[in-house]
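Here are a few notes to read with the model open beside you. Take them one at a time and find each spot as you go.

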Amino acid sequence: MVDVEKETTLQFAPFQSAVDEGFWHRLSSLKLNKLGLDESPIPITGYFAPRSHRQVSNHLTLLAESLPTESSEQSSVPERSRGNRNRCSVPGILYNTNTYEGFQALDKQSLLKAEAKKIWEDIHSGKAEEDSTILLRFLVISFADLKKWSFHYWFAFPALMLDPPATLVTLKPATHWFSLEEAESLTAACNEWRNLSSTTDIPFFLVSVDSNSITTVRRLIDFEDCQSNGHKVLFGFYDPCHLPNNPGWPLRNFLLYIHVRWGLEKVPFLCYRENRGFADLGQSLVGEALISNSQGWKNNHNMPNAVGWESNRGRKVPRFISLANTMDPTRLAISAADLNLKLMRWRALPSLNLDLLSSARCLLLGAGTLGCQVARMLMAWGVRKITLLDSGKVAMSNPLRQSLYTLDDCLNGGEYKVTAAVESLKRIFPAVEAEGVVMAIPMPGHPVPCQEENSVIEYCRRLQNLIDSHDAIFLLTDTRESRWLPSLLCASANKITITAALGFDSFLVMRHGAGPLSSNHDIKAEALTDLSAQMGSVSLDDNGRRQRLGCYFCNDVVAPVDSTANRTLDQQCTVTRPGLAPIASSLAVELLVGILHHPSGIFTKAEFANSTDSSSTEQPLGILPHQIRGSLSQFSQMILVGHASTSCTACSSIVVSEYHKRGMEFILEAINHPTYLEDLTGLTELMKSAASFELDWDNDDDECVEI
């Protein structure tokens, strides 16, 4: 370090910026969850401290807490932490654009001038004397590419230019300027100033030296008192710069403030620097700047020009950072998975409730062609809790149509489907909470030997527990009879139930109506934190007057029986056109999302497009139909409604009531005796009546009536 005694133009070491990764993470979250398309400026807070290492300058740093929280108002200034010696808070403003083109098109000179004008006005209004940190106002412009986790940004530290420039009269180490007694006193005073929580983060101050070499550090507001006492006064500031022959950037606006506020032309200053948290007068600098008299600055309207855009390796260009390679893969996957859903809320679907979807617990009965597709569609909608139930193993014919399996899953006799499916789901999205249950569903028409009754009862109870612990159940099994027990249990528990069934070139997707005893269900007694309770707590104002929607079995006039016996190979396998399952699976998941977002939930009546029903209000996601039947051969789709049947073998009140009374005994009887359900529901009598009904035909052609 050399002493400067010859007058030269005063040169300042530019401020340097640093951005913590946490800042970008919070900005991304704020952009996705709150700001959306809003490009309004965002108040932020930067942090800096005096230089603390001899060979490294301190940076102005942005941290996660530099941004407002998602719960606060966008225009609110982040709460500034006080009393932290390592964090002197500085107010700033952030302009984050929606597109890279918008970032490039920003009028940087106008933005810089606008921030400089705020500093200029604060100097003239006296506000800078009350809060000197506003002399360090800064500006950041940015573009956040949330798809690639990359960020373009550019800092500006507005500095009002002295014209003509200030002249440096002298600059030397503080130990060369102060006497030994003054230096010892100043060191103690600075350490005390920095140790007090009320003053430690005040970056501009006065150094007052009396005739007895006693040095004190005081606030700027005390300048007149110091002068009237005949004290020697220096203007001190926290200097982030480590260079031996240049003061740091904060001195630029400080000199202008001193000249405008008190009219001084010769300004003695102290560049205060530290070493390991304590005053270091050997590295701190004392200098004197000469400012030419500029009367025009007394006028608030004659604002000086401003500079301050940060250089990037010597060039005036923005900086760029990509966090994709440094992020935890699971965290990155979660962020990317939610991106499309959060973008929906910006413009297309502001009412989309992602918390509702991510907390929904879905049970998929069947892990075949439909089960694989439904699981993937659920994940795409943000559902994170998925349970698959199936007893089969992966066969060589499965991977081509069942998207969660590969050839490796077929080897050595085949992996259990649910085990392979869960592993596949976690490979696709590590954050999914997937579980597999290897279990066969007891079915009517498949009698149970006495020695196996206990195990079948255990299966039934396990299935009942699974249905009770989930919010939505998908019936995706191959056979009609395998859907009976889940339909009964879902009707009993009043669960959201969705069926998807395939023919060769046709499909059925439907939502089951509420259970027959739902109006008597004491919903309010359940915990509101449970999604099932939330869905059940929907108003039942007209549930008693409106006919319930039917289940999968409501249109049948026979009980479910064994549909696999005496079948050829093509009848035993689910032979369908390959494009059918993805269509049906997607519609099934869309039905669930619609139910979860509809105010009436499971009690929503069947809705149709262009309905004339004045009481029906189309929701943001569209209508909520009861049944969707489609045909690939005709490339057609129909929306139908089927009301609950009082003779239904699965959801009628008589069947559900009998199940409540007799429990597992009732289920075993339904499984072992094919006609039991028909007798119980009155279908047997109905079929007898239909068989005995005769028509008399009149053969007189002349009396034919056109119908």
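1. Let's begin with Leu10. This is a predicted model, and in it Leu10 counts as buried because its relative accessibility is 6%, where the cut-off for buried is under 20%. Leu10 sits in the loop between strand 1 (8-9) and strand 2 (17-19).

2. What is Leu10 in contact with, leaving aside its neighbours within four places in sequence? The list is Ala166, Thr167, Leu168, Pro247, Leu251, Leu255 and Ala289. Have a look at Ala166 in particular: Leu10 and Ala166 are 156 residues apart in sequence, yet their C-alpha atoms are 5.7 Å apart in space.

3. Now try another loop residue, Glu310. You'll find Glu310 between strand 16 (306-309) and strand 17 (319-322). Is Glu310 buried or exposed? Glu310 counts as buried, because its relative accessibility is 7%.

4. Glu310 also has a list of contacts once you set aside neighbours within four places in sequence. Among them are Phe15, Gln16 and Ser17, then Trp154, Phe155, Ala156 and Phe157. Lys316 and Arg319 are in contact with Glu310 too.

5. Next, follow helix 1, which covers residues 21-35 and so has 15 residues. From first C-alpha to last, helix 1 reaches 19 Å, close to the 21 Å expected at 1.5 Å a residue. At the start of helix 1, a side-chain oxygen of Asp20 comes to within 2.8 Å of the backbone nitrogen of Gly22. After helix 1 comes Gly36, with a positive phi near 60°.

6. Which residues of helix 1 are buried? They are Gly22, Phe23, Trp24, His25, Leu27, Ser28, Leu30, Lys31, Leu32 and Leu35. As you check them off, keep one rule in mind: an α-helix has 3.6 residues a turn, so residues three or four places apart point the same way.

7. Ala472 has Ile496 of strand 22 as its bridge partner.

Conventions: Residues numbered from 1 in each chain as written. Predicted model: local features only at pLDDT ≥ 70, side-chain atom pairs only at ≥ 80, totals over all residues. Heavy atoms only, no water. Helix = DSSP H or I, 4+ residues; strand = E, 2+ residues; numbered from the N terminus. Expected span 1.5 Å × (residues − 1). Buried < 20%, exposed > 50% of the residue type's maximum accessible area, 1.4 Å probe, protein only. Polar contact = N/O pair within 3.5 Å; in protein donor to acceptor, adjacent residues only side chain to side chain. Contact = heavy atoms within 4.5 Å. Pairing = 2+ DSSP bridges.
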